[in-house]
2 protein chains.
Amino acid sequence: MLSPIAWSTPPKKYGPWESVVSLLTEGLVKRGIDVTLFATADSHTSAKLHAVCPRPYEEDKNIMIKVYECLHISEVFERANEFDIIHNHFDYLPLTYSALVDTPVLTTIHGISSRKTLPVYKKYNNRSFYVSISDAYRCNELDYIATVRHGIEIESFHFNDKPQDYLLFLSRIHKDKGAKEAIEVAKKTGKTLRIAGFIADEAYFEKEVKPHIDNKQIIYEGHVEPVRKKELLSNAYALLHMINYDEAFGLGVVEAMASGTPVIAMNRGSMPELIRDGETGYLVNSVDEAAQAVQRVASISRKKCRESVEKRFSVDRMVDDYIKVYETILEKCKRESERPWGHYEVLMERPGYKVKVLTVLPQGEISLQRHSHRNEHWYIVKGKGVVTKNGDKIRVLEGDSVDIPVNEVHRIKNIDNDNLIFIEIARGDYFGEDDIVRLEDKYGRA
Amino acid sequence: MLSPIAWSTPPKKYGPWESVVSLLTEGLVKRGIDVTLFATADSHTSAKLHAVCPRPYEEDKNIMIKVYECLHISEVFERANEFDIIHNHFDYLPLTYSALVDTPVLTTIHGISSRKTLPVYKKYNNRSFYVSISDAYRCNELDYIATVRHGIEIESFHFNDKPQDYLLFLSRIHKDKGAKEAIEVAKKTGKTLRIAGFIADEAYFEKEVKPHIDNKQIIYEGHVEPVRKKELLSNAYALLHMINYDEAFGLGVVEAMASGTPVIAMNRGSMPELIRDGETGYLVNSVDEAAQAVQRVASISRKKCRESVEKRFSVDRMVDDYIKVYETILEKCKRESERPWGHYEVLMERPGYKVKVLTVLPQGEISLQRHSHRNEHWYIVKGKGVVTKNGDKIRVLEGDSVDIPVNEVHRIKNIDNDNLIFIEIARGDYFGEDDIVRLEDKYGRA
């Protein structure tokens, strides 16, 4: 599990990507999965922690970001053969190491900071696996193995069925997030609006927000701590989420519903995937529609809001979804050389000869077959078997060898309770798997 | 050859690292060495060019540096198995890919931009090879395989034995480079000083240089084109290089001497490695000493300056030096499995068995030997040989196999004019090379 190093995992205060990584990692460990977490050294986890970056670079300006990014990432790939899957939450840079290892790499695309990073995602599109965090946040130039929406720690949000009368804006103060539109809705409906969040765009705040703050109808609470945030969420009459962009996911939206608070949101980005219109809030297309929706909030069951999140946005559901993705990847990456009777590995192939090691499972047997373009020399290194060669049955043990000329009908069967392992040296002019004429097969492949 | 992508290779105007890469690459190709140059797409080379970055990022601000850096670097490593050596001129980032490939990586450390990048160089110190560009520019926390000083295209510098009377300052205008001190030397000696170079520190220029410019004694020529630069160099009475830091290398210093112009330089950094005191210039410790040296410039033979550069700083010498480094690396990385009779490769090793492919050169023969901990099964895939087994001599051809029990004395000899290749499958409890008791050996190893 490759976490960013901007913040610790989990983050002390802010750090949405690191927060998701932490919830997922702890959830996987609880399921008994062996996880190594690559994160800053001050991170906390029940997984195995591997760290090269001592502190989050956002908290220590002496850390040269580029140096610790590449050291952090290379550590994962240098240990790649210890892992079945590398799950990357670190944006595009790790992809450029991924072709140098055999371990499959899954990348959760938390955000595409710029279209200029797309060339990297596109280059590795065919050999890597991508997860989107909502259907809305898919780039049509990339292929995705799944959408996995984030889960939240629902138990940590207090459900409140008896709210106060205020509307809530909870997000950073920026045009994208629609604080201005939230104020307009409050004024049209005569309701109180509480605004909470850090100022991400000072000019926007000065122009569109500050002039309206009267600390009676329009109240600015500043950048609130987690405890106050949860109070605000559970006591609100409704959350206003009047976004002006296609938001990939809205953690605040889900957290509001978990607290029992319906959400009135612009019908764009991932909002239709988070809110059930008329059931857990309203999807609207304008300030006027939002104002009308405020009048109808009373008809929404706060209990249903909570239940909807319990069903759709729990950490358990997120962990389930990712486990399914991991299983799909492992299935896709299963060696082509898996066979019903066992498996083989090519050790060497050169013009004129090819060396394999074959493992036959207990009671497994390869099909009765012959080849037109190669002879084979078998040497048993482990186990007990019976070789069929032109109708003869020959018992073989470790140290025995058998020669099979071109066109001779042959098979081998494991007659023991342990694996039968033998080295096959083929000589000839063609070694393709299609030079196998199957005359009889236990697994129906003849 | 991994070049930076800040500028094209060679650079159109400025780009010292790319310039060295280009001279080296072209020199290697002339020697018949097969080189692939990884550089911007607008580069020019007689090597094979591989490019992913369309233009130098310094010339196109739309190029997202981090994206093209990692795409550019990963391309080299993804093709690593095509190359005997990867020669990195791209600073520390490529090192973090180097442990994922088997190809040896040589890094010329052109400059360490910050001590904060040292953790990367230190991490890869033991598995990578470093070249310093002067003895002065070595970091005592790193190991270096060699110092290779840059070479210049001497023929492109016009030798002039009849200079004019001015002193020359040729460098960027920055405290490090000592324009202020050059002006002081000129004033103390009453000589004219021509200053050429771009202004790297505007405040320094305003305070220390501009007030002295009178276009009579102190003349500022601006950032000059290559043609004017060469004129200025060959017509100068002496070059003043009054540096205030330990400069790693001074291309301008070498270029001046190539033009026949002696150099008066502060005795620090790489200067003693470039200038022969009293022979091609003077090494000084103060402005006063520099002023005294100006009086003695006439005693320096301009011809000797040129000859010294021809001998010590030609591209040919640099190419020779790098070829020596490449040879040393290839020798160090030579497979441990090289033997006087040929070589072997381990295909697989598991508890209980080990598979090798062995190649015996024409007329080669392994020592007469036995093993205490393993038996061996040999299967010939190419060539003709004679196996000695307990005193018997057995002729073997491809398709033949021989079993050698524990403790049985044996050897194989290639009796043909082509390589003899056989697969060896050993079974036992120990496979170390020290379980070989040599009874007789053609190569004196018994």
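These notes cover the interface of chain B and chain A, one arginine at that interface, and a sheet in chain A, all in a predicted model.

1. Extent of the interface. Chain B places 50 residues in contact with 50 residues of chain A. The area buried between the two chains is about 4,100 Å², and carbon and sulfur atoms give 65% of that area. Three residues, B:Leu100, B:Tyr379 and B:Arg427, supply 15% of what chain B buries against chain A, more than any other three residues.

2. Polar links across the interface. Eight salt bridges are found between chain B and chain A. There are also 23 residue pairs in polar contact across this interface, counting pairs in which both residues are at pLDDT 80 or more.

3. Where the chain B side comes from. The elements of chain B that give two or more residues to the side touching chain A include the helices H2 (65-78), H3 (95-98) and H4 (118-123). The strands in that list are E14 (342-350), E15 (353-360), E17 (374-382), E20 (401-404) and E22 (420-428) of chain B. H2(B) gives the largest share, ten residues. Sorted by class, the side of chain B that touches chain A holds 27 nonpolar, ten polar and 13 charged residues.

4. A:Arg427. This residue lies in strand E22 (residues 420-428) of chain A. Is A:Arg427 buried or exposed? A:Arg427 has a relative accessible area of 14%, and the cut-off for buried is under 20%, so A:Arg427 counts as buried.

5. Partners of A:Arg427. Its side chain meets that of B:Glu398 in a salt bridge, with 3.4 Å from N to O. A polar contact of 3.0 Å joins the side chains of A:Arg427 and B:Tyr379. Leaving aside residues up to four places away in sequence, A:Arg427 touches A:Gly352, A:Tyr353, A:His373, A:Arg374 and A:Asn375 within chain A.

6. A sheet in chain A. Four strands of chain A form an open sheet in the order E3-E4-E5-E6, with parallel pairing. Which strands stand at the edges? They are E3 (86-88) and E6 (146-147) of chain A; each has a single partner strand, so one side of each is left without a neighbour in the sheet.

7. The pairing of E5 and E6. Strand E5 (residues 129-132) of chain A pairs with E6(A) in the parallel sense over two bridges. Within this part of the sheet, A:Val131 stands opposite A:Ala146 in E6(A).

Key
Residues numbered from 1 in each chain as written. Chains lettered and ligands numbered in written order. Predicted model: local features only at pLDDT ≥ 70, side-chain atom pairs only at ≥ 80, totals over all residues. Heavy atoms only, no water. Pairing = 2+ DSSP bridges. Contact = heavy atoms within 4.5 Å. Buried area = accessible area lost by both parts, 1.4 Å probe. Salt bridge = Lys/Arg side-chain N within 4 Å of Asp/Glu carboxyl O. Polar contact = N/O pair within 3.5 Å; in protein donor to acceptor, adjacent residues only side chain to side chain. Nonpolar A, V, L, I, M, F, W, Y, C, P; charged D, E, K, R; others polar. Buried < 20%, exposed > 50% of the residue type's maximum accessible area, 1.4 Å probe, protein only.
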